[in-house]
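The following exercises concern one protein model. Please examine the sequence and the coordinates before reading the worked solutions.

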Amino acid sequence: MEYTLRGVGYLLHRIGFTVQVPDRKAVERDEAAIAAWRRDQWPIIKGRPAT
C-alpha cells in the first residue's frame, strides 16, 4: 500500500501526532557562534563562496 505525503499527514493527525515546536530558545544558545557558523561554514556546505 502506498500513501501520499498528504495522506500520511492526515493519518498521523488522526492518531494524535502533532508538529513539535520548542516553546523557547535554549538558554545555552550562542548567537555569535551561530552567526559565525552561518557566515563561514554554510556557504561551504551549500557550495557557494562567502561574500
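**Exercise 1.** Determine how many positive and negative side chains the protein chain has, and how far apart the centres of the two sets lie.

*Solution.* Lys and Arg count as positive, Asp and Glu as negative, while His and the chain ends are not counted. Each charge is placed at NZ of Lys, CZ of Arg, CG of Asp or CD of Glu. The protein chain then has 9 positive and 6 negative side chains, with 7 Å between the two centres.

The model is predicted: local features require pLDDT of at least 70, side-chain atom pairs count only at pLDDT 80 or more, and totals for chains, interfaces and linings use all residues. Residues are numbered from 1 along each chain as its sequence is written, and side-chain values use heavy atoms, without hydrogens and water.

**Exercise 2.** Find the salt bridges and state how accessible their residues are.

*Solution.* The criterion is a side-chain nitrogen of Lys or Arg within 4 Å of a carboxyl oxygen of Asp or Glu. Searching the whole structure gives two salt bridges. One joins R29 and E31, at 2.5 Å from N to O. For accessibility, buried means under 20% relative accessible area, exposed over 50%, and partly exposed in between (1.4 Å probe, protein chains only). E31 is partly exposed at 43%, and R29 is partly exposed at 38%. The other bridge links R39 and D40, whose closest N and O atoms are 3.2 Å apart; D40 is partly exposed at 37%.

**Exercise 3.** Describe the fold and the overall dimensions of the protein chain.

*Solution.* Helices (H or I, at least four residues) and strands (E, at least two) are DSSP runs numbered from the N terminus. The protein chain contains three helices and zero strands, in the order α-α-α. The radius of gyration is taken over C-alpha atoms, and the globule rule is 2.2 Å times the number of residues to the power 0.38. A compact globule of 51 residues would have a value near 10 Å, whereas the protein chain has 19 Å. Along the principal axes, the C-alpha atoms fill a box of roughly 45 × 30 × 15 Å. Of the 51 residues, 2% count as buried.
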